[in-house]
Amino acid sequence: MELQTDKTAPVTLEDVVTGRATLDDLTAQLTVSELSALTVGTSRGGFGGASTVGTASGAVPGAAGDTTSELADSRGITNLVLADGPAGLRLSKSFVTDGQGNELPGLGESSFGNLFEMLGVPAAQRPEDAVDYYQYCTAIPIATMLAQTWDPAAVEEAGDVVGEEMEELGVALWLAPGMNIHRNPLCGRNFEYYSEDPLLSGVFAAADTRGVQKHPGCGTTIKHFALNNQEDNRTRSNSHCTERALREIYLKGFEIAVKAEQPLSLMTSYNLVNGIHAANHKELITDILRCEWGFKGLVMTDWGTTDASSGFEYGSSSPVLCIKAGNDLTMPGSQEDVDAIAGAVGIELALNP
């Protein structure tokens, strides 16, 4: 469906917020190139380049990434900062800038310790006008321990702590909680997930979300949707599952959290689900998540899902099919993703003028 507007002056996001125009008016004025840019994260260097987790945000040092700021000046659409979890915000503990506010790589302490040294990035020379900044964040208990409290109010309080720090530091979306089902004690990220029980997972993800989203403009990102129940080899797995098991075990927690608290966002997973990439799975993302459960938030990919050089056993997800399936945002994004999406729109318009 092509949107139309009778607005002749450029519509900004502020016009939409104040009621002077509708979101359809704004969208109708955007070019295919601008619309495509909005669906792809701010990184244009490709996964593994400038988008290394822990160095990817241009706005909050140590955050996992940003959405694009290409329309900030023309339309007032500023970028969103996305920060990882799971046990609180994962940001650089400290960073250093010069007198003009430019961050100096290698002089602060990242959330991974001495990340720049591990990446082989030489530390910058410390100038005389250097300024030190600190972003110490509260470490909340891991999800498995939170679930063992059997106390949603306590988990809500933990989420409230995270939300307060998000608001203070300028983070819009927390890439947590993880809520995949415990299936094997050897899963490397079981500590991020609540339980082997989908009811507990859903109730506590809802409580976490309730605490975070008390803070305006701050939201959770429940993940990984769906059937991401292993960490080793997760980009090379094809999860075969009957519909009954899918709905009663692996989707039930997500359903509970969505219906109870409407998380602002959700992240898809790397694996295939019954032969279809999770990020390209329209039945999961649109038919079930949006149409059946009434999810109103943003759906994003996991980092590098569309990167063809990442060694996926069954090939990478298609950025075009991500959009068709219902993904709103491809992260961390690349120029190739933008071009592919814009090109597909051009082909569609040519075939259906």
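Author: Let us begin with a pair of helices: helix 8 passes helix 10 in a right-handed crossing. Please keep in mind that the model is predicted.

Reader: Why are helix 7 and helix 8 called oblique to each other?

Author: The axes of helix 7 (residues 152–169) and helix 8 (residues 198–212) cross at roughly 40°. Angles under 35 degrees count as roughly parallel, and 65 to 115 as roughly perpendicular. Helix 7 and helix 8 are therefore oblique. Their crossing is right-handed. The residues in contact include Val 155 and Gly 159 of helix 7, and Val 203 and Ala 207 of helix 8.

Reader: What makes the pair of Glu 231 and Arg 189 a salt bridge?

Author: The definition asks for a side-chain nitrogen of Lys or Arg within 4 Å of a carboxyl oxygen of Asp or Glu. In this pair, the closest N and O atoms are 3.5 Å apart, so Glu 231 and Arg 189 form a salt bridge. The two partners are 42 residues apart: Glu 231 is in the loop between strand 6 and strand 7, and Arg 189 is in the loop between strand 5 and helix 8.

Reader: How many salt bridges are found in the whole structure?

Author: The search finds 19 salt bridges.

Reader: Which peptide bonds are described as cis, and what is omega in each?

Author: One joins Gly 85 and Pro 86, with omega about 5°. Another runs from Met 331 to Pro 332, with omega near -5°. Pro 86 is found in the loop between strand 2 and strand 3, whereas Pro 332 lies in the loop between helix 12 and helix 13. Most peptide bonds are trans.

Reader: What is noted about phi of Trp 150?

Author: Phi of Trp 150 is near 55°, a positive value in a residue other than glycine. Most residues other than glycine have a negative phi. Trp 150 is found in the loop between helix 6 and helix 7.

Conventions:
Residues numbered from 1 in each chain as written. Predicted model: local features only at pLDDT ≥ 70, side-chain atom pairs only at ≥ 80, totals over all residues. Heavy atoms only, no water. Axes fitted to C-alpha atoms, helices over the stretch in contact; angles between N-to-C directions. Helix = DSSP H or I, 4+ residues; strand = E, 2+ residues; numbered from the N terminus. Parallel < 35°, antiparallel > 145°, perpendicular 65-115°, else oblique. Left-handed = near helix turned anticlockwise from the far one by under 90°. Contact = heavy atoms within 4.5 Å.
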